Amino acid sequence: MKNRLKVLRAMRDWSQAELAGRLDVSRQAVNAIETGKHDPSLPLAFRIARLFEMPIEEIFDDEA
Amino acid sequence: MTKPDSDDFAMEPSDGAVLLKRAGLGIGGGIALIFIAGMIAGYTSGALERGGPDLVDGAILAGMVLLAALVAFGIWRFWPQTVEEPVAPRVRSARRLFAVAIAIGLPLGFLLGVTDEGTGVLLSNAPVSAGIAAIAIVLWLIAGPLITWLWWQKIDEHEAGAYREGALVAAHAYIFITPIWWMASRAGWLPPQEPMLVLLAVTVLWSVVWFVRRYF
């Protein structure tokens with residue numbers, strides 16, 4: 001599944017570690033999501049969406 | 001412009017590569033330093049038996065000390081550095097539990113090693129005293145499951161996925177290795193099955209899959 005996590009993070013000038021801290025996950029988890037190696041669970045996807053104040057479908061795209 | 005991350009540059013090594021390099025440098029350099037220390041101790045002892053180190057002995061010993069210093073400098077010089085990063089509370093807790101597991105496991109391994117009566121076999125089946133057996137069993141029965149459960153509660157979903165995938169591969173390896181060895185042993189092609197050896201192989205496989213999925 002494609003996602004805009006890296007772009008959204010860049011727009012806020014956050015490092016992967018900073019984003020990981022805000023989501024209470026490891027930096028490796030953020031890296032794996034950004035590179036498409038790991039699809040987040042629904043609860044984590046909702047946390048990401050709430051953090052960026054965006055609907056989930058504007059961050060994650062299952063048709064790309 | 002965003003702050004740099006380990007994956008922002010194509011040439012930047014992965015977390016796994018950095019960990020492997022550290023392990024290689026730490027283990028290899030450590031063994032080299034222990035070896036050189038042994039050489040220095042042995043040579044000094046020999047020199048003392050000959051009536052004390054003379055000028056040549058002193059030069060040779062100085063050379064060995066210089067070699068040890070060079071190895072130590074090499075370890076420091078080539079040790080992969082990473083930027084200090086903030087760590088999520090969940091990750092910090094998981095790391096603490098991992099450290100506790102090592103703090104319990106190392107003395108247990110040391111205890112089993114020193115009480116093993118010189119069989120020299122990895123995972124020996126030699127008899128042990130009731131006291132040692134009781135300590136080991138209590139640790140495996142209570143501390144092992146408890147720490148594993150607490151750790152499982154703390155890891156994030158990415159690591160849990162890596163751990164689950166490792167477990168799946170390990171379980172499949174176990175259900176294939178065990179009957180193959182059992183049948184081959186009954187046919188006289190292999191010695192009787194060693195359950196602890198199978199456990200070790202399966203655990204190593206589990207750890208390798210977890211490591212690769214987590215860090216690469």
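Reader: What share of the 216 residues in chain B is made up of buried residues?

Author: A residue is buried if 20 or more other C-beta atoms, placed from the backbone, lie within 10 Å of its own, exposed if 12 or fewer, and partly exposed in between. By that count, buried residues make up 10% of the 216 residues in chain B, while 34% of the 64 residues of chain A count as buried. This is a predicted model, in which local features need pLDDT of at least 70 and side-chain atom pairs count only at pLDDT 80 or more, whereas totals for chains, interfaces and linings use all residues. Residues are numbered from 1 along each chain as its sequence is written, and chains are lettered from A and ligands numbered from 1 in the order in which they are written.

Reader: How many helices and strands does chain B have, and which pattern does chain A follow along the sequence?

Author: Helices (H or I, at least four residues) and strands (E, at least two) are DSSP runs, numbered from the N terminus. Chain B has six helices and zero strands, whereas chain A has five helices and two strands, arranged along the sequence as β-α-α-α-α-α-β.

Reader: How should I read the span of helix H1 of chain B?

Author: The expected span of a helix is 1.5 Å times one less than its number of residues. Helix H1 (residues 15-49) of chain B, with 35 residues, reaches 50 Å from its first C-alpha to its last, close to the expected 51 Å, and is followed by Gly51(B), whose phi is positive, near 105°. Helix H5 (residues 157-186) of chain B, with 30 residues, reaches 43 Å between its first and last C-alpha, close to the expected 44 Å, and just after H5(B) comes Gly188(B), with a positive phi of about 85°.

Reader: Which residues of H5(B) are buried, and what covers them?

Author: The buried residues of H5(B) are His158(B), Glu159(B), Gly161(B), Ala162(B), Gly166(B) and Ala170(B). Their cover includes H3 of chain A together with helix H6 (195-215) of chain B.

Reader: What radius of gyration does chain A have?

Author: The radius of gyration is taken over C-alpha atoms, and the globule rule is 2.2 Å times the number of residues to the power 0.38. With 64 residues, a compact globule would have a radius near 11 Å, and so the 10 Å of chain A agrees with the rule. The C-alpha atoms of chain A fill a box of roughly 30 × 25 × 20 Å along the principal axes.

Reader: Which residues touch the most other members of the largest nonpolar core?

Author: A nonpolar core is a set of buried Ala, Val, Leu, Ile, Met, Phe, Trp, Tyr and Cys residues joined through C-beta atoms within 7 Å. Of the 16 residues in the largest one, Ala20(A), Leu23(A), Val25(A), Ala29(A), Val30(A) and Ile33(A) touch the most other members. H2 and H3 of chain A, together with helix H3 (89-115) of chain B, each supply at least two residues of this core. A second, separate core of six residues includes Ala162(B), Ala170(B), Val202(B) and Val209(B).

Reader: How many residues of chain A are in contact with chain B?

Author: Two residues are in contact if their C-beta atoms, placed from the backbone, lie within 7 Å. In this model, 21 residues of chain A are in contact with 18 residues of chain B. On the chain A side, helix H1 (5-11), helix H2 (16-23) and helix H3 (27-34) are the elements that give two or more residues.
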